[in-house]
Each structure stands twice: as structure tokens, then as C-alpha cells.
Amino acid sequence: MNPVRYEAISTLPRHWCGDDAFETRCLEAMSLLAPEMERFLIAAVRTGLTCPGAGPVAAAGASFVLEEAAHSQAHHRFNRRLEAQGIDVEASLAAVRRLSRHARRLLPAGAQLAISAACEHLSAILSLAYLRSPVRARIRSPEVERLFATHAQDEIGHRELVFDLMLATGGGGWVSRVFALTTVSLVAVVHAARLVGALMSAEPEASSYRVWRQRSAGLFRLGRWASAPTVMLQWLMYLRPGFHPARLPDR
Ligand SMILES: [Fe+2]
Ligand SMILES: [Fe+2]
């Protein structure tokens with residue numbers, strides 16, 4: 001995965017997605033959250049690979065770790081533009097980092113893999129929506145669009161790999177899948193919304209009312225990026241007894 005060149009980043013307009021503050025901030029929030037999630041996933045998969053039964057997926061697991069590390073590096077570089085705008089990125093991410101640290105410290109390896117498989121399912125759903133959406137052409141820079149598109153393509157493949165590792169190490173029961181996907185989805189929605197709010201508040205002349213108004217109007221425009229019924233259907237598929245990503249029609 002090729003990081004976006006510094007020259008391409010430095011010449012980006014502030015609202016690089018269709019001149020729209022809300023859509024730009026949503027994509028920037030995704031870019032900020034990606035390395036945080038990937039740090040958790042890399043640690044969980046590395047631990048999972050040391051568990052009995054992981055042998056058959058060892059090689060795929062090792063390339064997964066390299067791929068996620070490359071994503072993190074590319075997004076870290078891109079995210080620096082937010083610091084240049086005076087945004088306190090460390091403070092914005094403090095809550096999600098704390099949560100991830102606690103989960104790594106307190107949860108057993110099997111539970112961390114269940115959460116990772118659910119994260120990858122969610123990532124694959126959003127990635128598919130992104131790749132199918134014609135509005136991604138609104139991203140002003142081809143290099144930035146390529147960053148998100150390449151990441152999305154890789155994410156679709158991760159879903160099956162992490163799911164197989166979870167099964168190979170004795171996990172993947174229905175109850176744990178339901179619990180993990182529900183928890184991960186709630187946490188993702190809460191933290192993404194909070195982060196978008198924090199980024200919107202950093203806009204020049206932002207006021208609580210203006211942020212609220214832009215956020216409310218922007219939520220309707222998100223329908224252009226993802227069809228809610230399709231996202232919901234794919235989300236629910238994970239909860240079907242006997243689910244496996246290899247049997248999904250969108251592979
Ligand atoms: Fe990734
Ligand atoms: Fe991934």
C-alpha cells in the first residue's frame with residue numbers, strides 16, 4: 001500500500017471530499033480510527049497465531065499483520081494534516097485508546113479474536129459500501145482516493161482470514177459472534193460519532209448549533225455512501241447459524 005505523498009497532502013483543500021465539511025470529517029475520522037483498530041487487531045492475531053490449532057492459517061496470518069501495519073503507517077502519515085490544522089489528535093483518540101488497552105489487557109485470547117473477527121466483518125461491510133459508491137469520485141485527490149480504495153480492498157480479504165483463525169483456535173460460537181458484533185458495532189458508532197463531532201468543532205467559526213446543524217444534515221447525505229438496508233442485511237448475516245465469510249455472495 002503506497003502512502004499518500006507529502007506534496008499531495010499539502011496541496012489538499014481543507015474540505016477535500018466534495019467541498020463538504022461533514023463528509024470530509026467523516027472520512028478523516030475513519031482514517032484516525034483505522035490505526036487504533038489495527039493496533040488491536042495485530043496484537044490479537046499475533047496472540048491467536050500462537051494458540052493450538054492456528055497452524056493452517058499461520059502464513060495468511062503473518063501477511064495479515066504486515067498488511068495492517070502498512071495501512072496504519074499510510075494513515076498515520078495522512079492524519080498528520082489534522083495536526084497541522086491545530087487539532088489535538090492525541091486528545092481526540094484518548095478514549096478509544098484507553099478502551100483498546102483495557103480490552104487487550106483484560107480479555108482472553110479467544111475473546112480478542114472474536115472481537116477482531118467482528119471488527120473485520122464490520123470493516124468489510126463498510127469497505128464494500130465505499131467501493132460500490134459512485135460518490136467516492138467526490139474525493140478531490142486521486143492519491144487520497146487510492147489510499148481509501150486500496151485499504152477497502154484489503155479489508156474485504158481480512159474478514160475470512162480472521163474468521164478462519166478464530167474457528168481454528170476453537171472459537172466462533174453463535175453466542176460469542178452475537179456478543180462480539182453487537183459490542184463492536186455499538187463502540188464503533190459511539191466513537192466515530194464522537195470523533196466526527198470533535199473534528200467538526202475544530203472548524204473555523206464552529207458553534208454548538210452550527211456543528212449540530214451540519215451533522216444532522218450530513219447524516220442524510222451519508223445515504224449516498226452506503227445503502228442502509230444493504231448494510232443491515234450484511235450485518236445480520238454474521239448472526240446466522242453456520243455463517244462463514246466464504247459463503248457470502250459479495251466475496
Ligand atoms: Fe486495515
Ligand atoms: Fe483489517
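**Close-up views of the iron site and the cysteines**

H71 is buried at 0% relative accessibility, where buried means under 20% relative accessible area, exposed means over 50% and partly exposed lies in between (1.4 Å probe, protein chains only). This is a predicted model, so local features need pLDDT of at least 70, side-chain atom pairs count only at pLDDT 80 or more, and totals for chains, interfaces and linings use all residues. Residues are numbered from 1 along each chain as its sequence is written, chains are lettered from A and ligands numbered from 1 in the order in which they are written, and side-chain values use heavy atoms, with hydrogens and water left out.

**View 1. Five residues coordinate the iron ion (ligand 1).** They are E38 (OE), E68 (OE), H71 (ND1), H151 (NE2) and E155 (OE), at 2.1 to 2.3 Å. Donors are N, O and S atoms within 2.8 Å of the metal (3.2 Å for Na, K and Ca); water is not among the atoms, so sites may look incomplete. Along the chain, the donor spacing reads E-x29-E-x2-H-x79-H-x3-E.

**View 2. E68 coordinates both iron ions, ligand 1 and ligand 2.** The two ions are 3.8 Å apart.

**View 3. H71 and E155 tie together parts that are 84 residues apart in sequence.** H71 lies in helix α3 (residues 58-84), and E155 in helix α6 (residues 142-168). Helices are DSSP runs (H or I, at least four residues), numbered from the N terminus. E155 is buried, at 4% relative accessible area.

**View 4. The whole structure holds zero disulfides.** A disulfide is a pair of cysteine sulfur atoms within 2.5 Å. For C26, the nearest cysteine sulfur belongs to C17, 9.1 Å away. C26 is buried, at 14%. For C119, the nearest is that of C51, 17 Å away. C119 is buried too, at 9%.

Methods
Helix = DSSP H or I, 4+ residues; strand = E, 2+ residues; numbered from the N terminus.
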